[in-house]
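Please open the model in your viewer and keep the selection panel at hand. The stops below go from the whole chain to single contacts.

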Amino acid sequence: MKLRYKILNSLLALLVASVAALAITISYTADCEPPPGVSAGEATMKAVVSRCYGGPEALEYLDVERPTAGPTDVIVEVKAAAANPLDYHYMRGSPYLMRLGAGIGRPADIRTGVDFAGVVAEIGEDVTKFAVGDAVFGGSNGAFAEYVRVRENGAITLKLDDISFEDAAGLGIAAVTALQSLRDDGGLVAGEKVLINGASGGVGTYAVQIAKALGAEVHGVSSTRNVEMVRALGADHVFDYKQEDYTKSDHQYDLIVDMVGNLSLSANRRVLKPEGRMVLVGGPKGNWIAPLWPPLKAVMLSPFVDQDIGVMLAVLDADDLAYLAGLMASGRLTSRIDRRFPLADTAEAIRYLETQRARGKVIITP
Ligand SMILES: NC(=O)c1ccc[n+]([C@@H]2O[C@H](COP(=O)([O-])OP(=O)(O)OC[C@H]3O[C@@H](n4cnc5c(N)ncnc54)[C@H](OP(=O)(O)O)[C@@H]3O)[C@@H](O)[C@H]2O)c1
C-alpha cells in the first residue's frame, strides 16, 4: 500500500475512534449524585432536584438550602413556575450532545425549572432595580422551588398588577421564543401572511396571538380537538393536520414558523413565497441525530435557495419579557393554561408535557 493511503487510512481510523469515544462518553449515564446536604443553621426550602439523568422518576422533591443573595442577586419567592420541553431535555440529558454543557454522566447542576413568577424576598447590597416586595417574573435555573436566585441584570422584570402570577410564569421561555422567532428571526411585519405549525402548544398559543398583534394574517396547524382553541386565540385560518396537509394547500406564506418539524423542508418550501422565510423552532425528539438532522439540512440548504431558512435559539431577555407583559396588560396576549400541578407533583407535570399533547402551558405552584 502506498504511504499516502496508509496515512489516509490511519487518519480515518483515528477519526472513527474519536467519534466513537465521544459517543460513548456523552451517552454514559452515571449513578446519582449524593443528596444535597443542609448545613446546620441554614434556612431550607422545598425544591425539585435531578441528581441523575433519567425520566420523570429521576426528579425528587426535597428539602434543600434556601438560596441567599450575592451582591447583585435577587431572591424571588416563587408563586408560580411553568414547565417547558427544555426541562425534560435537561432532565434526560437528551439529545446527548447537550451533555457537553449540562454535565457528562450526570447533571452538573441539580436544580430544575426555569420560568418563574413571584415576589422579591431578598436583594443583594448592590441591587438597584428591584426592591423587596416587588412582583416579578422571568427565567433562571432552579425555578421548581420555593425560592429562586436571579441576577439583577438577568431575565427578570416587573410583573404588572393586572397579570396573575400563573399567566406571567407561563410567558418566560415559550412567549419569548414565539416573539423572537416571529419578529427577530422571522422579520414578520404587518400585512404579511404567517403559518404557525404547532399552534396549540406552549410556544404556538403565544405565537398565534403575537403574530396577530404584529398585524399579520395568521394561519395555524393543530389536531382536530384544538382547532377551535387556536381560532379563538385569533388565527384567521386553522389547518386540522388530521384532515389536511398544509404543505399541499394553495396558500403562499411570507413566513413559516415550525415548532414540530414533522414535514420536510422541500414540502414547506412549496407553500413559502419565492423570497419567504422559514424559522425552525422545534423538531423531533431523540438522543442522537433525529433532532439535529432538520437544522443541519436547513443550514446546508439555505445558501442554495432564495428562501431564507434558518434555525433559532431563543435567548431569555428582560426587555422582551417587559414587552410581552405590556402586550398582556393591553389585553392582546393571554396565557392559555392547560393544567396546574403542585410543586410536589412536578414529575407528573413533566410526564404530561412529554406526551407532546399539552394545550398551551403547564403551570407548577409551590
Ligand atoms: N429553539 C428554541 O429556542 C426553542 C424554545 C422553546 C421551545 N422549543 C421547541 O419547540 C417545540 C415546541 O415547544 P412547546 O413548548 O410549544 O411544546 P409543547 O407545548 O409540548 O407542544 C405541544 C403541542 O404540539 C402540538 N403538536 C404535536 N404534534 C403536532 C403536529 N404533527 N402538527 C401540529 N402540532 C403538533 C400538539 O398539538 P396537538 O395535540 O393538537 O397535536 C400540542 O399542542 C419543542 O420541540 C421545543 O423543544 C425550541
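This is a predicted model: local features need pLDDT of at least 70, side-chain atom pairs count only at pLDDT 80 or more; totals for chains, interfaces and linings use all residues.

For your selections, residues are numbered from 1 along each chain as its sequence is written.

**Domains**

Select 44-159 together with 336-365 as domain 1, and then 174-311 as domain 2; these bounds come from an automatic or database domain assignment. The centres of domain 1 and domain 2, taken over C-alpha atoms, are separated by 28 Å. Where the domains touch, 9 residues of domain 1 are in contact with 13 residues of domain 2, a contact being two residues whose C-beta atoms, placed from the backbone, lie within 7 Å. The side of domain 1 that touches domain 2 divides into 3 nonpolar, 3 polar and 3 charged residues, where Ala, Val, Leu, Ile, Met, Phe, Trp, Tyr, Cys and Pro count as nonpolar, Asp, Glu, Lys and Arg as charged, and the others, Gly among them, as polar.

**Ligand**

Next, select the residues around the ligand, which number 30, with Pro85, Gly201, Gly202, Ser223 and Gly282 coming nearest; a residue is near if its C-beta atom, placed from the backbone, lies within 6 Å of the molecule. Helix 4, helix 5 and strand 9 (217-222) are the elements that give two or more residues to this shell. Domain 1 and domain 2 each supply at least three residues to the shell, which by class has 14 nonpolar, 14 polar and 2 charged residues.

**Helix 4 and helix 5**

Now show residues 165-185 (helix 4) and 202-213 (helix 5), whose axes come within 8 Å and cross at roughly 50°. Helix 4 and helix 5 are therefore oblique to each other, and their crossing is right-handed. Among the residues making the contact are Ala174, Ala178 and Leu182 of helix 4 and Gly202, Tyr206 and Ile210 of helix 5. By class, the contact of helix 4 with helix 5 holds 10 nonpolar, 3 polar and no charged residues.

**Helix 2 and helix 10**

Finally, select residues 85-92 (helix 2) and 346-354 (helix 10), whose axes come within 10 Å and cross at roughly 105°. That makes helix 2 roughly perpendicular to helix 10, the term covering angles of 65 to 115 degrees. Here Pro85, Asp87, Tyr88 and Met91 of helix 2 meet Ile350, Leu353 and Glu354 of helix 10, and the contact of helix 2 with helix 10 divides into 5 nonpolar, no polar and 2 charged residues.

Conventions:
Axes are lines fitted to C-alpha atoms, for helices over the stretch in contact, and angles run from 0 to 180 degrees between N-to-C directions. Helices (H or I, at least four residues) and strands (E, at least two) are DSSP runs, numbered from the N terminus. Angles under 35 degrees count as roughly parallel, over 145 as roughly antiparallel, 65 to 115 as roughly perpendicular and the rest as oblique. A crossing is left-handed if the near helix is turned anticlockwise from the far one by less than a right angle, and right-handed if clockwise.
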